[in-house]
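Let's walk through this fold together, one piece at a time. Have the sequence and the model open as you read.

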Amino acid sequence: MLGAAVALAFDMTSVLALMYPGRERVEIIASDGDTYVFACKPGPLGEPPRDQAEEAMAAFEENVGKFAEVFVGEMMQGIEAGEPSLGSALAMTGRTNSWAGAITNHMEKEYGCILLG
């Protein structure tokens with residue numbers, strides 16, 4: 001049985017190479033101690049993918065902090081105004097998805113990095 005499970009295992013590096021050619025898998029430890037994984041290419045002046053990932057992580061942390069402040073502020077305003085919670089939740093989900101798309105595009109264009117997890 002174990003042999004079958006091992007036979008199904010594969011190296012994610014090869015899958016990433018197909019999905020993101022020319023990128024390196026880089027693990028970065030965030031300021032909160034969590035580990036994030038990026039697929040990065042070298043910078044425009046030949047900066048190593050690790051440097052690119054560190055810059056992308058700094059931008060991500062700054063942006064997520066700002067987004068969280070706005071998110072909580074708007075949520076509190078909705079509660080104080082007595083807005084229906086389902087409507088507020090749906091609006092915030094839309095804003096969260098929009099923010100996630102924007103920061104993903106920013107990290108890709110600015111740093112050549114894709115956040116994998």
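In which sense do strand 1 and strand 2 pair, and over how many bridges? Strand 1 (residues 24-29) and strand 2 (residues 35-40) are antiparallel partners, joined over 6 bridges. Here helices (H or I, at least four residues) and strands (E, at least two) are DSSP runs, numbered from the N terminus, and two strands pair if DSSP finds at least two bridges between them. A word on the ground rules: this is a predicted model, in which local features need pLDDT of at least 70 and side-chain atom pairs count only at pLDDT 80 or more, while totals for chains, interfaces and linings use all residues. Residues are numbered from 1 along each chain as its sequence is written, and side-chain values use heavy atoms, leaving out hydrogens and water.

Look along the two strands and you will find Glu-24 bridged to Cys-40, and Ile-28 opposite Tyr-36. The strands form a hairpin with 5 residues between them, and Gly-33 in the turn has a positive phi of about 95 degrees.

Contact means heavy atoms within 4.5 Å.

The two helices pack on each other as well: helix 3 (residues 49-81) and helix 4 (residues 85-111) make an angle of about 160 degrees, and their axes are 10 Å apart. Helix 3 is therefore roughly antiparallel to helix 4, a label for angles over 145 degrees. Among the contact residues are Phe-60 and Phe-67 of helix 3 and Trp-99 and Ile-103 of helix 4.

Finally, find Arg-23 in the loop between helix 2 (12-19) and strand 1. Its side chain makes a polar contact of 2.9 Å with that of Glu-108 (a pair of N or O atoms within 3.5 Å, one able to donate a hydrogen and the other to accept it; residues adjacent in sequence count only if both atoms are side-chain atoms). The Arg-23 side chain also reaches the backbone oxygen of Gly-112 at 2.7 Å.

Note on methods: Axes fitted to C-alpha atoms, helices over the stretch in contact; angles between N-to-C directions. Parallel < 35°, antiparallel > 145°, perpendicular 65-115°, else oblique.
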